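Here is a short report on one protein structure. Keep the view open as you read.

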Amino acid sequence: MRRKLVLSLSLAVALGTAACQDQKTEPTTPAELGQSSRSLNRAPLKLPASVRMSDQYFTDMARRAVTPTACPASTPVVDWYLDKVFDVINNEPDIFFQLYDNWADLVPTYEALIFQTAAMPQYFGYNGEYNQRMTKTERDVKRFWDINSADIQVVAMHGPVLLNEARVVPTYKSDIFLGLDNATAVLWASQDRAGLLASQRFNGGNHPFFSFNAFALSAPELGLPDKIVMGDGILEGYKAVGYDDVALPAVFAHEFGHHIQYERGYIDEPVPGAPAANAAEQTRYTELMADAFSAYYLTHKRGGTMNKKRVEQFLQVFFQIGDCSFESSGHHGTPAQRMRAAQYGFKIADEAQKQGHILTAAQFHAGFVTVYPSLVAP
């Protein structure tokens, strides 16, 4: 079982539905692959169509269209991520491709998606350095919005789970992931552990290749609780490029915006101005709405109380992870469109500063629906 190399670039932190802004790097020559010329050809996984999962960074973003606005080829966090991954490819190709062929880079995502719950011990960051901030952010965001959010569980994904064969084997065997037979699952789990232990660069799994992602999940039909999953790697990446103060609440607030959509049914509503929208347009609509929800919370004086200029600086980097794939079902909107959505959230928060009023989710949504066509206009 092989697949194309999709270097997962999240959200950062997260900002999306059905699929997200992925940067896809497909080396085609031995030089581009460092010391290895092994083929990369692995089909993407698909969850059941009824499952609501935002900000998956595993989609095919190969097709790129002419864009109506500038779409940067890279940003500091993208460069940081690719440097980390290609350092392993160039120096430890056999280890990298063994893990890659085993889909080990997605094991932490699916282990968190399928098995992790808030009742289990959770830590955030490679060494738990974000634990207190995550607790505060979850509490503050849930208090800010008026939806029923007590059942939304916040869990983490960690690369070092690959060292724990007792957790990896059930993940491989799950039909939600690969559905492997027991013997193959045991073999692959053993290979994953051996590869991480042998690697000098994967740092025992604390590496963005395994956890550079964040997403929101609603899949009651699979017997899973509603979740927001936060990856260590995405937080580490934004810390490395100078946005440690903003990234965690911004990523979380965006993902929570998707849960507002799930709770209120906004996820499937007709797109304003495009009632017969295709999958790409539908996703762009929900992503831009989540961007606006996030920006409103982050800068509201009864919400995140963050400096607007600082949030805007972060979002410029966050939004420019690069999504110009207008035909992709995971299209999030161009960087310029996403910034317009955020600026709408800023504006509404600014108007509330004197009286300190918080709009209900329904009120904010109604306003967003009205302005949406102007946000995506050329």
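The sections below cover the model, a helix pair, some aromatic rings and a few loop residues.

## The model

This is a predicted model: local features need pLDDT of at least 70, side-chain atom pairs count only at pLDDT 80 or more, and totals for chains, interfaces and linings use all residues. Residues are numbered from 1 along each chain as its sequence is written, and side-chain values use heavy atoms, leaving out hydrogens and water.

Helices (H or I, at least four residues) and strands (E, at least two) are DSSP runs, numbered from the N terminus.

## Two packed helices

Start with helix α11 (residues 308-319) and helix α12 (residues 335-351). They pack at an angle of about 160°, and their axes are 10 Å apart. Axes are lines fitted to C-alpha atoms, for helices over the stretch in contact, and angles run from 0 to 180 degrees between N-to-C directions. The two helices are therefore roughly antiparallel. Angles over 145 degrees count as roughly antiparallel, under 35 as roughly parallel, 65 to 115 as roughly perpendicular and the rest as oblique.

Which residues of α11 and α12 meet? From α11 come Lys-308, Val-311, Glu-312, Leu-315, Gln-316 and Phe-319. From α12 come Pro-335, Arg-338, Met-339, Ala-342, Gln-343, Phe-346 and Asp-350. Contact means heavy atoms within 4.5 Å. The residues of this contact divide into 7 nonpolar, 2 polar and 4 charged. Here Ala, Val, Leu, Ile, Met, Phe, Trp, Tyr, Cys and Pro count as nonpolar, Asp, Glu, Lys and Arg as charged, and the others, Gly among them, as polar.

## Aromatic pairs

The whole structure holds 27 aromatic pairs. Rings of Phe, Tyr and Trp (its six-membered ring) pair if their centres lie within 6.5 Å; planes under 30 degrees apart count as stacked, over 60 as edge-to-face and the rest as tilted. Take Phe-252 and Phe-256. Their ring centres are 6.5 Å apart and their planes lie at 20°, so this pair is stacked. Both sit in helix α9 (residues 247-264), 4 residues apart, about one turn of the helix. Phe-252 is buried at 0% relative accessible area, and Phe-256 is buried at 0% as well. Buried means under 20% relative accessible area, exposed over 50%, partly exposed in between (1.4 Å probe, protein chains only).

Tyr-296 and Phe-364 make a tilted pair, 4.9 Å centre to centre with 35° between the planes. Tyr-296 is in helix α10 (residues 279-299) and Phe-364 in helix α13 (residues 361-375), so the pair ties together parts 68 residues apart in sequence. Both residues are buried. They also belong to a cluster linked by ring pairs, with Trp-145, Tyr-285 and Phe-368 among the other members.

## Residues in loops

Is Trp-103 buried or exposed? Trp-103 is buried, at 3% relative accessible area. It lies in the loop between α2 (93-101) and α3 (107-114). Asn-203 is exposed, at 51%, in the loop between α6 and α7.

Asn-206 lies in the loop between α6 (182-198) and α7 (208-211). Asn-206 is buried, at 17%. Leaving out residues up to four places away in sequence, Asn-206 touches Tyr-126, Pro-160 and Asp-232.
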